[in-house]
Amino acid sequence: MGDPHRVGVVGLGVISRAYLDTLANHPAVSIAALADLDASRSAAVAATIPGAEALSVERLLARPDVQTVLNLTIPAAHADISLGAIEAGKNVYVEKPLAVTLPDGRSIIERAASAGVRVGCAPDTVLGTGTQTARAAIDGGLIGRPLSASAVMVTAGHERWHPNPDFYYTPGGGPLLDMGPYYISALIHLLGPVRAVVGAASRLRAERVIGSGPRTGQRVPVEVDTHVSGVLEHANGALSTITTSFDGVATTAAPIEVHGETGTLAVPDPNYFDGEVRLFALGGTGWRVLEPRAGYAQASRGIGLIDLVRADGQRPPRAGGDVALHVLETMTTVLRSAAEGRRIELTTVAERPEPVPLTAAEAWNA
């Protein structure tokens with residue numbers, strides 16, 4: 001084993017803790033530097049990680065020993081930070097979505113290719129045993145030829161729990177761009193790329209009220225659609241329907257179901273790494289739970305970056321930029337279709353990532 005891969009982290013908001021819990025203790029990775037707009041926050045976090053230094057964003061991007069930048073900024077800043085890292089000759093692993101707009105997403109991928117650096121992007125939850133076991137069941141023929149799928153995410157809105165939810169309701173936010181990457185990434189792993197979409201969307205409330213933290217009771221203006229539905233035409237002919245909403249209270253719908261000629265799979269929530277995969281076979285009498293048969297077991301945030309580091313140019317990262325760009329185009333085109341009222345074909349193509357063999361926690365964590 002060589003020296004640990006040195007990582008610089010930009011953005012230390014709520015999601016950063018989950019990444020640092022995984023990466024700060026992993027032998028393949030060393031957290032070399034941390035940066036945040038709040039310098040006191042980066043200093044406090046750096047004090048908890050041996051060898052990590054709190055820096056400004058500019059100094060972190062310029063630091064020659066940082067090999068990969070973990071970009072955990074808000075979506076509106078994803079492109080600027082990623083492009084800055086690429087210009088400095090560093091790999092990038094970015095929190096979802098890849099960027100707010102498709103042109104920015106394309107720029108990240110194209111400039112990385114020109115610079116000879118790699119791009120990874122969340123979500124890496126789809127590399128866990130939940131989605132990967134479902135994929136193995138499909139590829140193993142347990143439901144026959146897959147014909148259709150449904151994906152549903154319904155919540156009352158992140159302002160109920162997030163102390164600073166403003167960015168969820170500005171361009172780059174909304175339920176589709178925020179939560180859609182989990183579901184669409186999972187559908188691509190399960191069924192392959194998307195060739196065309198049809199969308200519909202609504203925005204029936206002009207503002208939201210913050211429900212927790214020091215700003216409780218403050219009102220946040222809504223600038224994006226908050227209920228989005230889409231029909232995705234996959235290249236293999238299967239149709240997926242997706243609904244993402246900040247306008248519901250609860251749902252009994254399965255997060256994802258895949259229907260095939262000889263069976264249906266109930267797939268666990270792709271916001272998590274694991275969960276039960278259930279099969280109802282044609283002619284059967286009920287659901288059967290499948291034992292985990294693929295994926296990183298007991299995985300956690302950051303496994304996608306570890307996968308990228310260990311791929312080391314030998315194969316594309318499984319949570320890679322090409323899939324993230326395809327997911328971004330799928331989402332932005334659903335919103336465009338909703339605005340224009342027509343079916344639209346996509347321009348990007350992404351291969352299904354290489355499947356993850358069943359990998360025990362002690363194996364991927366060593």
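Two strands count as paired here if DSSP finds at least two bridges between them. Helices (H or I, at least four residues) and strands (E, at least two) are DSSP runs, numbered from the N terminus. With those terms in hand, let us walk through the model together.

This is a predicted model, in which local features need pLDDT of at least 70 and side-chain atom pairs count only at pLDDT 80 or more, while totals for chains, interfaces and linings use all residues. Residues are numbered from 1 along each chain as its sequence is written, and side-chain values use heavy atoms, with hydrogens and water left out.

Let us begin with the whole protein. Its secondary structure comes to ten helices and 17 strands. The C-alpha trace spans about 60 × 50 × 40 Å along the principal axes. For 366 residues, a compact globule would have a radius of gyration near 21 Å, and the 20 Å of the protein agrees with that; this radius is taken over C-alpha atoms, and the globule rule is 2.2 Å times the number of residues to the power 0.38. Buried residues make up 54% of the 366, where buried means under 20% relative accessible area, exposed over 50%, and partly exposed in between (1.4 Å probe, protein chains only). Contact means heavy atoms within 4.5 Å. Among contacts between residues at least 6 apart in sequence, 71% join residues at least 24 apart.

Now look at the open sheet of six strands, which has the order 3-2-1-4-5-6 and parallel pairing. Strand 3 and strand 6 (119-121) stand at its edges, each with a single partner strand, so one side of each has no neighbour in the sheet. At the strand 3 end, two bridges join strand 2 to strand 3, and these run parallel; L34 stands opposite A54 in strand 3. Helix 8 packs on this sheet, where it touches strand 1 (5-10), strand 2, strand 4 (68-71), strand 5 (91-94) and strand 6. The direction of helix 8 makes about 160 degrees with that of strand 5; such angles run from 0 to 180 degrees between N-to-C directions, and the axes are lines fitted to C-alpha atoms, for helices over the stretch in contact.

Not counting residues up to four places away in sequence, L305 touches V7, L23, V29, T68, L70 and Y93.

In helix 1 (residues 16-23), the residues S16, Y19, L20, T22 and L23 are buried. They cover an arc of only 160 degrees around the axis, which puts them on the same side of helix 1; the arc is that of the directions from the helix axis to the C-beta atoms. In helix 2 (residues 39-46), S42, V45 and A46 are buried. Their arc is only 100 degrees, which puts them on the same side of helix 2. The buried residues of helix 2 pack against helix 1, strand 2 (29-35) and strand 3 (53-54).

The other open sheet to visit is formed by nine strands in the order 16-15-14-13-7-12-11-8-17, with mixed pairing. Strand 16 (288-290) and strand 17 (344-345) stand at the edges with a single partner strand each, so one side of each is left without a neighbour in the sheet. Strand 7 shows both kinds of pairing: five bridges join it to strand 13, antiparallel, and seven join it to strand 12 (residues 239-245), parallel. The bridge partner of P146 in strand 13 is G260, and M153 stands opposite T244 in strand 12. Further along, eight bridges join strand 8 (residues 194-202) to strand 11 (residues 227-234), which run antiparallel, with G199 opposite G230. Helix 6 (residues 129-139) lies across strands including strand 7 (146-154) and strand 14 (263-267), and runs at about 170 degrees to strand 14.

We end in strand 11, at E233. At 17% relative accessibility, E233 counts as buried. A polar contact of 2.8 Å joins the side chains of E233 and R343; a polar contact is a pair of N or O atoms within 3.5 Å, where within protein one must be able to donate a hydrogen and the other to accept it, and residues adjacent in sequence count only if both atoms are side-chain atoms. Leaving aside neighbours within four places in sequence, E233 is in contact with V194, R195, A196, A238, L239 and R343.
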